Amino acid sequence: MTGFPPPMGLIAELTHRCPLSCPYCSNPMELERAAAELDTEGWLSVLDQAAEIGILQVHFTGGEPLVRRDLVTLLARATGLGLYSNIITSGVTLDDRMMAALIGAGVDHIQLSFQDVDPSENDHLGASPGAFAKKQAAAARIRASGLPLTLNFVVHRGNASRIPQMIAMAEELQADRTEIAHVQYYGWGLVNRAALLPSRIQLEAATVEVEAARARLQGRMVIDYVVPDYHAARPKACMGGWARRFINISPSGRAMPCHAAETLPGFSFPSVRDTSLNEIWNQSDAFLRFRGTGWMPEPCRSCERQEVDWGGCRCQAFALLGDMNATDPACELSPHHAVMQAAVSESESAQTPFKFRRMTKQDAAQPELAGS
Ligand code: SF4
Ligand code: SF4
């Protein structure tokens, strides 16, 4: 293959169906319906092409990937092709039979998410009574299988004070890695920003707790920490830079540089139903538009960090400024940085209820085991 170096990872959003309803879900507001999902043959072809163009890893995600009846078939193809396989799951349907099937198909890694360390808050956030106990059982199954155990806690204003308990629970469950990830404000998270965004004081206290735990657990457990852009001085390199490291496929087969990109106006995202991954990666306008530095306005154009953060996030620039071509307002050098500060001040005084992620009853997840 010629052209730009291939992506490192394929993010396979197998479905938007999910038994939970988290108010910070990164899925789009317009969730794709089950009937629109790519079928098994479609996904198998995507996996074959991924290996062909030199992709190394596949992340099966959603929604909840375990609700796809063909997950084990897809996983087996991926591992057979030599792709490193990761499943990102809420764990509520990860029973013994599914665990054995995943192991049989050669899964390399499972990342298990918790909404909170407090059982009732966890179940409230996911709008799923009993979810916490199922997740704990899933963690024990992953541990018993011999796979490395990675836990993910999503952190926001309501639970940031419980980070020490989250880490203690991860230790108890013998996790190898724990991700403490502040909500990223896209999709449903952006809608619920006023109810979720922590204050600067909360963020600073959370960071101190994480640093102390990292020092204490060095050599025993890795702790990844993802902070919200709203309190940052410089933006993150969103997805490692636009169309540089990942290719994201939506449940219906639309290819995007990141899962939030479909919020951007004027784009026609190619579909894997009629365009090859090679062509998508190397020739489509959607992937070329913001790749590299040629598109950058000032102050990015003359900034020494332009190949460090790649100008931040296009979706955030559009969501907050209505201009996807602008420097990410998370950057202090942006002439529009004040909008971030205004959002922080606004949320500090807000008493807003959550808007939970919802699908229609018909499309809501009915857990199904592979092969059933
Ligand atoms: S964030 Fe919550 S609702 Fe969204 S896919 Fe994950 S578990 Fe499901
Ligand atoms: S001006 Fe642009 S390149 Fe420089 S730090 Fe800010 S976002 Fe990054």
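**Conventions.** The model is predicted, and I kept to its limits: local features need pLDDT of at least 70, side-chain atom pairs count only at pLDDT 80 or more, and totals for chains, interfaces and linings use all residues. Residues are numbered from 1 along each chain as its sequence is written, while chains are lettered from A and ligands numbered from 1 in the order in which they are written.

**Sheet.** I looked up the strand order first. Nine strands form an open, mixed sheet, ordered E7-E6-E5-E4-E3-E2-E1-E8-E9. Strand E7 (222-226) and strand E9 (255-256) are its edges, each pairing on one side only. Helices (H or I, at least four residues) and strands (E, at least two) are DSSP runs numbered from the N terminus, and two strands pair if DSSP finds at least two bridges between them. I then checked one pair: strand E2 (residues 57-61) runs parallel to strand E3 (residues 84-89), with four bridges. Gln57 has Tyr84 of E3 as its bridge partner.

**Helices on the sheet.** I noted two helices lying across strands. Helix H5 (residues 131-145) lies across strand E4 (109-114) and strand E5 (149-155), at about 160 degrees to E4. Helix H9 (residues 200-216) lies across E5, strand E6 (177-182) and E7, at about 160 degrees to E7. Axes here are lines fitted to C-alpha atoms, for helices over the stretch in contact, and angles run from 0 to 180 degrees between N-to-C directions.

**Helix pairs.** Helix H1 (residues 40-53) packs on helix H2 (residues 71-80) at an angle of about 15 degrees, the axes being 10 Å apart. That makes H1 roughly parallel to H2 (angles under 35 degrees count as roughly parallel, over 145 as roughly antiparallel, 65 to 115 as roughly perpendicular and the rest as oblique). Thr40, Trp43, Leu44 and Leu47 of H1 make the contact with Thr73, Leu74, Arg77 and Ala78 of H2; two residues are in contact if their C-beta atoms, placed from the backbone, lie within 7 Å. By class, the contact of H1 with H2 has five nonpolar residues, two polar and one charged. In this count Ala, Val, Leu, Ile, Met, Phe, Trp, Tyr, Cys and Pro are nonpolar, Asp, Glu, Lys and Arg are charged, and the others, Gly among them, are polar.

I also looked up helix H6 (residues 163-172) against H9: the axes come within 9 Å and cross at roughly 30 degrees. H6 and H9 are therefore roughly parallel. Ile163, Pro164 and Ile167 of H6 meet Ala206, Glu209, Val210 and Ala213 of H9, a contact of six nonpolar residues, no polar and one charged.

**Ligand shells.** The residues around ligand 1 include Cys18, Cys22, Cys25, Gly62, Gly63 and Arg357; a residue is near a molecule if its C-beta atom, placed from the backbone, lies within 6 Å of it. This shell has four nonpolar, six polar and two charged residues. Around ligand 2 I found 14 residues, of which Cys300, Cys303, Arg305, Cys331 and Leu333 come nearest. The classes there are six nonpolar, four polar and four charged.

**Backbone.** Most residues other than glycine have a negative phi, and most peptide bonds are trans. I logged the exceptions. Gly62 and Gly63 are joined by a cis peptide bond with omega about 10 degrees, and Gly63 lies in the loop between E2 and H2. Glu298 to Pro299 is also cis, omega near 10 degrees. Pro299 lies in the loop between helix H11 (285-288) and helix H12 (314-321). Ala127 has a positive phi, near 50 degrees, and lies in the loop between helix H4 (119-125) and H5.
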